[in-house]
Amino acid sequence: MQSPYEGRLIRLRAREREDEALLYQWFNDPEVTEFLSMRYPLSHAQERAFIESASEISYGKASFAVETLADSRLIGGVGLERTSPENRSAVLGIALGDKTYWDSGYGTDTMRAICRFGFEMMNLHRIELEVFEENRRAIAVYERVGFAVEGCRRDAQFKFGRYTNSLVMGLLEGELIGHKE
Amino acid sequence: MEGVKPMRAPFEGKLVRLRAREPEDEPYHNQWFNAWDVVRYLGRRYPISHAQSRKMLEPDPRYGWSIGFIIETLLEGDPIGQVFLGSASAEDRSAELGISIGDKSRWDGGYGTDAMRTVCRFGFDMMHLHRIELGVYADNERAVHVYERIGFRTEGRRREMYFKEGVYHDTLIMGLLEGELVDG
Ligand SMILES: CC(C)(COP(=O)(O)OP(=O)(O)OC[C@H]1O[C@@H](n2cnc3c(N)ncnc32)[C@H](O)[C@@H]1OP(=O)(O)O)[C@@H](O)C(=O)NCCC(=O)NCCS
Ligand SMILES: CC(C)(COP(=O)(O)OP(=O)(O)OC[C@H]1O[C@@H](n2cnc3c(N)ncnc32)[C@H](O)[C@@H]1OP(=O)(O)O)[C@@H](O)C(=O)NCCC(=O)NCCS
């Protein structure tokens, strides 16, 4: 049986205190956060508090560290949050903080693994995410795994001196592409 | 006075006035949110207790920069519903809007339209918002009609977003930017 935590390149695991140093480095790097909503520098205390709050994975807060299958190296994080049991819906967030791993298929594999986990282990019906319209790399990944653009929130965020749009994308049960062996 | 334009009070429209919420609003607030016709198109699905109603009327720190009003008629001063601008982001100058006319006998009398115009005008002119957003069930035709009339644009459609009354419903994302409010 294929492990529900594993893709072809990555494994989802619980977050650990020891992850803090890398998270601090990543999320203070403007290249990593360019298309994320965060804009202020983050303290070690904030990162510790984040890991503390996320380290017990549950239906309500399914937040994972992403590590490589090949050498168990921590490369990012992904999560399903704002889960609604009645609507069977959740909101997805992903960031590979280790830039040296970008454009090598890890994001695509992580997306497939987390969505499969959401549908097959959490019994979700709908997974939603939001992405800056200019984040073409991320949008390419989301579309490849089956997400559909459902809307465009005009001028939804202000960063770097201007307003930009954000896209709402959704994936329903049965729409995930390329997760089977 | 010649040359001086009479200023419209920022809380007042043509039919309604927006005022702050009071603990004394609890009894009818509770009635509104227990009436299925009123809440079927809202996020709510469980009955609401008086204690919960009291809590909802208090400022909620979780929603940060957020403001809620009671809508009352200008003519009689009757409370007929509520409206809020919440989850506001200072940097993005955006907020989410929610409205319900809880007194069903007042539906289709123009109060919703007037309250929407008034709260949006308040958002832009007094809170200096850039964007106001709302989510609405795609099948809530009355509400969509009102929002479109005052200038909201449909920006998207979340497929099968809410499960209620045995089926999934799509919801529309609607947005209104500075300068887009259509006055009546
Ligand atoms: C977005 C992210 C998850 C993607 O992960 P990744 O491992 O880089 O993605 P993959 O390698 O699986 O796929 C990237 C694809 O985008 C393509 N791509 C890269 N830049 C692109 C661009 N500017 N326009 C269009 N496509 C682009 C790549 O060519 C690749 O496609 P290919 O495999 O067909 O060549 C990752 O880069 C990341 O976390 N970035 C920083 C944080 C972030 O933006 N998170 C998303 C917030 S919504
Ligand atoms: C939606 C709501 C705010 C509208 O307020 P209202 O005071 O009834 O609205 P108004 O009287 O200003 O306008 C209603 C308009 O909708 C029209 N309308 C009524 N039913 C309609 C329908 N099924 N399809 C299309 N239009 C309809 C009316 O004819 C009227 O338009 P008109 O003035 O051009 O004739 C109010 O009905 C309400 O609170 N409903 C319950 C809670 C709710 O649904 N809130 C919105 C959640 S997003």
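A polar contact here is a pair of N or O atoms within 3.5 Å; within protein, one must be able to donate a hydrogen and the other to accept it, and residues adjacent in sequence count only if both atoms are side-chain atoms. This is a predicted model: local features need pLDDT of at least 70, side-chain atom pairs count only at pLDDT 80 or more, and totals for chains, interfaces and linings use all residues. Residues are numbered from 1 along each chain as its sequence is written, chains are lettered from A and ligands numbered from 1 in the order in which they are written, and side-chain values use heavy atoms, with hydrogens and water left out.

**Stop 1: ligand 1**

Select ligand 1 and A:Ile94. A nitrogen atom of the ligand sits 3.0 Å from a polar backbone atom of A:Ile94. One of its backbone N or O atoms is 2.7 Å from an oxygen atom of ligand 1. Then pick A:Thr108, where a side-chain N or O atom lies 2.5 Å from an oxygen atom of ligand 1. On its own, ligand 1 has 960 Å² of accessible area, and the protein covers 73% of it (Shrake-Rupley method, 1.4 Å probe; for residues, only the protein chains shown count as cover).

Now show the whole shell: 23 residues surround ligand 1, each with a heavy atom within 4 Å of it. A:Leu96, A:Gly107 and A:Asn135 are among the closest. Strand S4 (89-96), helix H4 (106-120), strand S5 (126-132) and helix H5 (136-144) each supply at least two shell residues. H5(A) gives the most, with seven. By class, the shell holds 13 nonpolar, five polar and five charged residues. Nonpolar covers Ala, Val, Leu, Ile, Met, Phe, Trp, Tyr, Cys and Pro; charged covers Asp, Glu, Lys and Arg; the others, Gly among them, are polar.

**Stop 2: ligand 2**

Move to chain B. Ligand 2 is surrounded by 23 residues, with B:Ile101, B:Asp108 and B:Thr113 among the closest. Select B:Gly109: a backbone N or O atom lies 3.1 Å from a ligand oxygen. Select B:Asn140: a side-chain N or O atom is 2.9 Å from an oxygen of ligand 2. Select B:His145: a polar side-chain atom lies 3.0 Å from a ligand oxygen. Taken alone, ligand 2 exposes 960 Å², of which the protein buries 76%. H5(B) supplies the largest share of this shell, seven residues. The classes here are 11 nonpolar, eight polar and four charged.

**Stop 3: the core of chain A**

Next, the largest nonpolar core, with 34 residues. Such a core is a set of buried Ala, Val, Leu, Ile, Met, Phe, Trp, Tyr and Cys residues joined through side-chain atoms within 4.5 Å. Buried means under 20% relative accessible area, exposed over 50%, partly exposed in between (1.4 Å probe, protein chains only). A:Leu80, A:Met111 and A:Cys115 are among the members that touch the most others. H4(A) contributes the most, seven residues. Centre on A:Cys115. Leaving out residues up to four places away in sequence, A:Cys115 touches A:Leu92, A:Ile127, A:Phe147, A:Leu171 and A:Leu176 (contact: heavy atoms within 4.5 Å).

**Stop 4: A:Tyr163**

Finish in strand S7 of chain A, at A:Tyr163. Buried or partly exposed? A:Tyr163 counts as partly exposed because its relative accessibility is 21%. Its contacts, not counting residues up to four places away in sequence, include A:Phe158, B:Asp92 and B:His130.

Methods
Helices (H or I, at least four residues) and strands (E, at least two) are DSSP runs, numbered from the N terminus.
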